[in-house]
Amino acid sequence: MAELQDKTLNCKDCSNDFVFTAGEQEFYNEKGFTNEPQRCPECRKAKKQSFRDNRNRDRN
Ligand SMILES: [Zn+2]
């Protein structure tokens, strides 16, 4: 099996470079994900946050 190496990817949302670490790649492989992440961790977090905010808003 090929040795995993940290990879620099470009975020689709904010256009910033972010590192897709070897550890994350291993995690993705284990889960069977074939796609690389499209967004940096900050944007992924922001997206999750807004999803939660929407749910909260619905409840009120
Ligand atoms: Zn981003």
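**Close-up views of a predicted model**

View 1. Helix α1 spans residues 22-31 and is hardly covered: among its 10 residues, the count of buried residues is zero. A residue is buried if 20 or more other C-beta atoms lie within 10 Å of its own, exposed if 12 or fewer, and partly exposed in between, with C-beta atoms placed from the backbone. Helices (H or I, at least four residues) and strands (E, at least two) are DSSP runs, numbered from the N terminus. Just after α1, glycine 32 takes a positive phi of about 85°. This is a predicted model: local features need pLDDT of at least 70, side-chain atom pairs count only at pLDDT 80 or more, and totals for chains, interfaces and linings use all residues. Residues are numbered from 1 along each chain as its sequence is written.

View 2. Strands β1 and β2 run antiparallel and are joined by four bridges. Two strands pair if DSSP finds at least two bridges between them. Threonine 8 has valine 19, in β2, as its bridge partner. Six residues lie between the two strands of the hairpin.

View 3. Serine 15 sits in the loop between β1 (7-10) and β2 (17-20). Its phi is positive, about 65°, although serine 15 is not a glycine. Most residues other than glycine have a negative phi. Serine 15 is exposed, with 8 other C-beta atoms within 10 Å.

**View 4. Glutamate 36 between the helices.** Glutamate 36 lies in the loop between α1 and α2 (41-59). Glutamate 36 counts as exposed, with 11 C-beta neighbours inside 10 Å. Leaving aside neighbours within four places in sequence, glutamate 36 is in contact with Leu9 and Phe20. Two residues are in contact if their C-beta atoms, placed from the backbone, lie within 7 Å. Glutamine 25 is 11 residues from glutamate 36 in sequence; the C-alpha to C-alpha distance is 8.2 Å.

**View 5. The whole chain, for context.** The protein has two helices and two strands. Along the sequence the pattern is β-β-α-α. The radius of gyration is 15 Å, well over the 10 Å that the globule rule gives for 60 residues, so the protein is more spread out than a compact globule. The radius is taken over C-alpha atoms, and the rule is 2.2 Å times the number of residues to the power 0.38. Along the principal axes, the C-alpha atoms fill a box of roughly 50 × 25 × 15 Å. Buried residues make up 2% of the 60 residues.
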